[in-house]
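Student: I would like to go through the salt bridges here. Can you explain the labels as we go?
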Amino acid sequence: MDPQYKPTQIETEAQTFWEQNDSFRATEDPSREKFYCLSMFPYPSGKLHMGHVRNYTIGDVIARYQRMLGKNVLQPMGWDAFGLPAENAAIKHGRPPAEWTYSNIRDMKGQLQRLGFGYDWSRELATCDPDYYRWEQWLFTRLMEKGLAYRKTATVNWDPVDRTVLANEQVIDGKGWRSGALVEKRDIEQWFVRITDYAQELLDDLDKLDGWPDQVVTMQRNWIGRSLGVQMTFGIEGAQQDLEIYTTRPDTLMGVTYVAVAAEHPLALHAAENNPALADFIDECRQGGVSEAELETMEKKGMALGIDATHPVSGEPVPVFAANFVLMGYGTGAVMAVPAHDQRDWEFAENYGIEKRQVIFAADGHDCGIEKAAYTEKGVLANSEPFDGLTSDAAFDAIAAWLEKHDKGSRKINFRLRDWGVSRQRYWGCPVPAVHKADGSVEPASEFPVTLPEDVVVDGSGSPLKKMPGFYDLANGDQRDTDTFDTFFESSWYYARYCCPDADGAMLDGRANYWLPVDQYIGGIEHAILHLLYARFFNKLMRDEDLLACDEPFTRLLTQGMVVAETYYREGPDGSKEWFNPADVEVERDDKGRALRAIAKDDGEPVTPGGIEKMSKSKNNGVDPQTLIDRYGADTVRLYTIFTAPPDQSLEWSDEGVEGAHRFLKRLWSVSAKLGQANADKAVSAEYLDARRDIHSALQKALYDYERQQFNTVVSACMTMVNTLSKLDDDASARALTQEGLGIVLRLLAPIAPHISHYLWRNLGFGDNVLHAGWPIVDESALVTATVSYVVQVNGKMRGKIDVPADADREAIETTALANENVARFLTDLTVRKTIVVPDKLVNIVAN
């Protein structure tokens, strides 16, 4: 065996073996327990980053571990291939998005294979493949037929640069998340899917997700946002329609002093016909996004319409304002305002000189004035005849009952969740399978796929589909829809298609029910709401089409931490920052590792530390995985990403840590080379029993840590074992222990550093394939100790330590403790009154 560790050579050999033997091809076998392990698939940007490497290494460790436990494992990989980045890159490089995407897929697939991930590549899919998206088009037409997919005019976030609708979550500080352009409000006819019809089930089924992080479950619960309130009618004199208003705080109803409606509300638009100032205000409100976060932070503005609403209980007139913080797309487009008990309403009333009428007071009588801020707590009603004296909770029921009795309102359950707007006015996506008929009706397409033309150069002036009669013109005045789906559509069901990617006659076939649900899903916390919620929703849609049987798609979820690194910059005269890669910076540190001085290596001039941030192109603090693989090998990169932090915590990058991981693998290689061949048949002699105990003790901890997915401490245990083995002599008994220890270490490391484990397992003569070796088992007899150590106390203070035979009885333990020289010294002139023995731990002698 070569005494030198040569990772490139052994990794090539291992990967060739896996490929030739179809080691990771999964087939259905009802006689075996299945395990479906899935990492969120990547967008094919063309190059892996360390976040990818960490995510997919964690997934591969879990999959290989479960395989070695004897389970039938499926671990597939594919590509989330549609989206705006491909269009933007195509514009920049003058290439069709399809060409750019497929080229990137080839490059990234090679990078994933170089890392040795155990994927079943026979199931590979790309969401831009018509054989994939034809089935979501088919499902969408089924939703149209059921009334679950529909069109309506909606106020949306419009990015004028990317020329597309943005989801609320894609609007950051009023700007498009990708273009940075100021977002506008536009009324556009859009396709929606009725996710709200499943809101209660989506909420209830969160209770089934015991294997999900509490944080993610809470985020989804809040996003769905179930609330019990009251919907009531405020009359509008002379208007064709009264105002319907929903509130979760009917106890504050008697404190309403104005009503606010959206700028696009029919009442506001009608009032603006003869009011130029109001018309200008409505135009101003069309600027900016429609996200709740933006509404929360922006300056609250409004303008009186010059009309009053009628309070449903008191009958008093209440002025109506158009306000920029109310949206037509949320609820009824109108809200009741209670300045005394809502801070937003208080600030608006303060700005516009509107009365604040306090109707809720503290139950314990403490000061709760509203001079400086709204009093938002519940309490006891006053100034609320006929409900004075009721608590807020009692008033909820009393006011709801009064409104119901007088036909002015009723209890109602509302959800924060809104129907999913799924259409986008862009090119590189799945075409919406709908036909606009000459008579104005809309029908589902009847043939699939509706194929997206791929030989298209994008110029940035809107979707080219709108300029391609060959695509949209169906003759006789009929036209195809030129919108494409939100890319979350494709990523909401890919996990199911992996089960049967070659199914040609249906979206899914019976194999889906063998593999689903996914047993372990791995991805970033940033997907906690949208992707995971939409995937749960899609699962229920497919279930209701009898395509699969499970209610939920993912049994267990692991949200891996970010990869973070130091940042360094120089600030320019205009305040802009030039960011320097940490590899290009020389840092002088104090004895605690803190940076004292940093200079750029190329010019020797100072740079400023910018703190630890997530690796990103914008901060230029990323590390190229390929460079590391070329230098150290894939196993070192994998081992480092697993060892440095628990999977769910952030990993702070350290070049020294990478070097340390590589040194460990070289030490493992050295110990293995010293053994040569696993053929020792001699029993471990007494002199090495302590070392054997250390190995099996470390194994015991590693097995537990694998179960709880604390893989970093598994690596620590392996390091402990290798360190123990490296200190052994070279006699026959030591070789026997080395053989046993390496047999354990290589199996524990096989999921984490699979190439070196595969190579050494074969070349040391343990067997042909470590994947089939079975999982190591602790030898309980090895953990038995010949002696037990006790701490000896005199009157509660430690005075000595003793070692006694493991089978010593209480009398022998007491005798040995009393005979200890130091203990005896502290018992001089004292009488022992009582001796307390805590088994395997402590002897406490009470004396006076």
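Tutor: Gladly. Note that this is a predicted model. Let us start with K356 and E350.

Student: Why is the pair K356 and E350 called a salt bridge?

Tutor: The closest N and O atoms of K356 and E350 are 2.5 Å apart. The cut-off is within 4 Å, so the pair qualifies.

Student: What makes K356 partly exposed?

Tutor: K356 has 26% relative accessibility. Buried means under 20% and exposed means over 50%, so K356 falls in between. E350, with a relative accessible area of 43%, is partly exposed too.

Student: How do you know that R64 and D60 form a salt bridge?

Tutor: Their closest N and O atoms lie 2.9 Å apart. That is within 4 Å, so the name applies. R64 and D60 are four residues apart in helix 2 (residues 50-68), which means about one helical turn separates them.

Student: Why are R64 and D60 called buried?

Tutor: The relative accessible area is 2% for R64 and 0% for D60. Buried means under 20%, so both labels hold.

Student: What makes E740 and R692 a salt bridge?

Tutor: Here the closest N and O atoms are 2.8 Å apart. The limit is 4 Å, so this pair counts. E740 lies in helix 22 (residues 732-749) and R692 in helix 20 (residues 689-707), so the pair ties together parts 48 residues apart in sequence.

Student: Why is R692 called buried, while E740 is called partly exposed?

Tutor: R692 is at 15% relative accessibility, and E740 is at 23%.

Student: How many salt bridges does the structure hold?

Tutor: It holds 56.

Note on methods
Residues numbered from 1 in each chain as written. Predicted model: local features only at pLDDT ≥ 70, side-chain atom pairs only at ≥ 80, totals over all residues. Heavy atoms only, no water. Salt bridge = Lys/Arg side-chain N within 4 Å of Asp/Glu carboxyl O. Helix = DSSP H or I, 4+ residues; strand = E, 2+ residues; numbered from the N terminus. Buried < 20%, exposed > 50% of the residue type's maximum accessible area, 1.4 Å probe, protein only.
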